Amino acid sequence: NDYDGPMMCNPLTHESVMELLSFFKKHISRDEPNKRAKTGHLHEKFVMCILADLLGMLKKTKTVKFVSSAIAKKFTIVGDLHGQLSCLLTIFEINGLPSIDLKD
């Protein structure tokens, strides 16, 4: 096969998610963020694995979450990104990845 993208495993690990974010960041055109790259796709087998993991997590999760800002000194609220992965990556770059330990 000629697939050269990341290989995802179940369950997802922090390391595999970081690899995936790095891979997509490398393949997104900063000049044309809406232009789809010819390379830099995730194989459908791995997309299905991620979706299966997500479905399992969502089935165990309540639909409404109440959060306290007492744990973190800062939090960021993000609206609808309209599918713009480049915008999400920029938010992560500026604010860091979501984490219970992110306190600055």
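A residue counts as buried when its relative accessible area is under 20%, and as exposed when that area is over 50%, with partly exposed in between. Ser16 has 6% relative accessibility, and therefore counts as buried. This residue belongs to helix H1. Its C-alpha atom is separated by 8.3 Å from that of Pro6, which lies 10 residues away along the chain.

The structure described here is a predicted model. Its mean pLDDT over the chain is 77, and 79% of the residues score at least 70. Confidence is lowest in H1, with a mean of 84, and highest in H3, with 87.

The chain contains three helices and zero strands, so that reading along the sequence gives the pattern α-α-α. Of its 104 residues, 16% count as buried. The accessible surface amounts to about 8900 Å², and carbon and sulfur atoms account for 59% of that area. Among contacts between residues at least 6 apart in sequence, 59% join residues at least 24 apart.

The interior comes next. In soluble globular proteins, nonpolar side chains tend to be buried together. Here the largest nonpolar core has six residues: Met8, Leu20, Phe23, Phe24, Leu42 and Phe46. H1 supplies three of these residues, the largest share.

Which residues of H3 are buried? They are Ser86, Leu89, Phe92 and Asn95. An α-helix has 3.6 residues a turn, so residues three or four places apart point the same way. The buried residues of H3 pack against H1. After H3 comes Gly96, with a positive phi near 90 degrees.

H1 and H3 are also linked by charge. Side chains of opposite charge can pair when their charged atoms come close. Lys25 and Glu93 form a salt bridge, in which the closest N and O atoms are 2.4 Å apart. This pair connects distant parts of the chain, since Lys25 sits in helix H1 (residues 14-27) and Glu93 in helix H3 (residues 85-95), 68 residues apart. The count of salt bridges comes to one. Is Lys25 buried, exposed or partly exposed? Its relative accessibility is 34%, so Lys25 counts as partly exposed.

Val47, Met48, Leu51, Leu54, Met57 and Leu58 form a nonpolar patch on the surface, and together they have about 560 Å² of accessible area. Leu51, one of the residues in this patch, is placed in helix H2 (residues 44-59). Because its relative accessibility is 45%, Leu51 counts as partly exposed.

The loop between H2 and H3 contains His82. Most residues other than glycine have a negative phi. His82, a residue other than glycine, has a positive phi, near 55 degrees. Is this residue buried or exposed? With a relative accessible area of 63%, His82 is exposed.

Key:
Residues are numbered from 1 along each chain as its sequence is written. This is a predicted model: local features need pLDDT of at least 70, side-chain atom pairs count only at pLDDT 80 or more; totals for chains, interfaces and linings use all residues. Side-chain values use heavy atoms; hydrogens and water are left out. Patches are made of residues with over 30% relative accessible area and no salt bridge: like charges are joined within 9 Å, nonpolar side chains (Val, Leu, Ile, Met, Phe, Trp, Tyr) within 5 Å. Accessible areas come from the Shrake-Rupley method with a 1.4 Å probe; for residues, only the protein chains shown count as cover. A salt bridge is a side-chain nitrogen of Lys or Arg within 4 Å of a carboxyl oxygen of Asp or Glu. Helices (H or I, at least four residues) and strands (E, at least two) are DSSP runs, numbered from the N terminus. Buried means under 20% relative accessible area, exposed over 50%, partly exposed in between (1.4 Å probe, protein chains only). A nonpolar core is a set of buried Ala, Val, Leu, Ile, Met, Phe, Trp, Tyr and Cys residues joined through side-chain atoms within 4.5 Å. pLDDT is the predictor's confidence in each residue, from 0 to 100. Contact means heavy atoms within 4.5 Å.
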